[in-house]
Amino acid sequence: AYLRIFARVALQRAKPLVIAVGGSSGKTSTVAAIVAALSPTHRVRSGTGMNSESGVPLGMLGLRMSEYGASSWLS
């Protein structure tokens, strides 16, 4: 719950343009093409592989976790 709150606050402050890609196939290639097209003129953040309940807010906050143990969450 805390991650969602912090991610929501970060989004409200930054007001980014969010582009979501969905579907059954070709998502990785599509995301790579979008990143390549927008990178030269815009700051781009790609959240590849972070599509879980905790991964999405962590990606929005720019945080990476190497493991999901109790000590990692506390740090």
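1. Lys15 is exposed, at a relative accessible area of 68%. This residue sits in the loop between α1 and α2, directly after the end of α1. Its phi is positive, about 50 degrees, although Lys15 is not a glycine. Most residues other than glycine have a negative phi. The backbone at Lys15 is therefore a point to check by eye, given that its phi is positive and its relative accessible area of 68% lies over the 50% cut-off for exposed.

2. The model is predicted, and the confidence figures should be read with the coordinates. The average pLDDT of the chain is 84, and 91% of the residues score at least 70. Confidence is highest in α2, with a mean of 92, and lowest in helix α4 (residues 70–74), with a mean of 69. Where pLDDT is low, the predicted coordinates should not be read in detail.

3. On overall architecture, the chain has 4 helices and 0 strands, in the order α-α-α-α along the sequence. The C-alpha trace spans about 40 × 30 × 20 Å along its principal axes. Of the 75 residues in the chain, 9% are buried. The accessible surface comes to about 6,200 Å², and carbon and sulfur atoms account for 58% of that area. As for contacts between residues at least 6 apart in sequence, 32% join residues at least 24 apart.

4. The geometry of α1 is in order. Its 13 residues should span 18 Å at 1.5 Å a residue, and the end C-alpha atoms are 18 Å apart, so the two values agree. Helix α1 covers residues 2–14, and α2 covers residues 27–38.

5. Which residues form the nonpolar patch on the surface? They are Leu17, Ile19, Val21, Leu38 and Val44, with about 420 Å² of accessible area together. Two of these members, Leu17 and Ile19, are taken up in the points below.

6. Leu17 lies in the loop between α1 and α2. Its relative accessibility is 76%, which is over 50%, and Leu17 therefore counts as exposed. Leu17 and Leu61 are 44 residues apart in sequence, and their C-alpha atoms are 15 Å apart in space.

7. Ile19 is also placed in the loop between α1 and α2. Is Ile19 buried, partly exposed or exposed? With a relative accessible area of 48%, Ile19 is partly exposed, because that value falls between 20% and 50%. Setting aside neighbours within four places in sequence, Ile19 is in contact with Ile34 and Leu38. The C-alpha atoms of Ile19 and Ile34 are 9.0 Å apart, with a sequence separation of 15 residues. Of the two contact partners, Leu38 is also listed in the nonpolar patch with Ile19.

8. Val31 belongs to helix α2. Val31 and Val21 are 10 residues apart in sequence and 7.0 Å apart in space, C-alpha to C-alpha. Val21 is one of the residues in the nonpolar patch.

Methods
Residues are numbered from 1 along each chain as its sequence is written. This is a predicted model: local features need pLDDT of at least 70, side-chain atom pairs count only at pLDDT 80 or more; totals for chains, interfaces and linings use all residues. Side-chain values use heavy atoms; hydrogens and water are left out. Helices (H or I, at least four residues) and strands (E, at least two) are DSSP runs, numbered from the N terminus. Buried means under 20% relative accessible area, exposed over 50%, partly exposed in between (1.4 Å probe, protein chains only). Contact means heavy atoms within 4.5 Å. Patches are made of residues with over 30% relative accessible area and no salt bridge: like charges are joined within 9 Å, nonpolar side chains (Val, Leu, Ile, Met, Phe, Trp, Tyr) within 5 Å. Accessible areas come from the Shrake-Rupley method with a 1.4 Å probe; for residues, only the protein chains shown count as cover. A salt bridge is a side-chain nitrogen of Lys or Arg within 4 Å of a carboxyl oxygen of Asp or Glu. The expected span of a helix is 1.5 Å times one less than its number of residues. pLDDT is the predictor's confidence in each residue, from 0 to 100.
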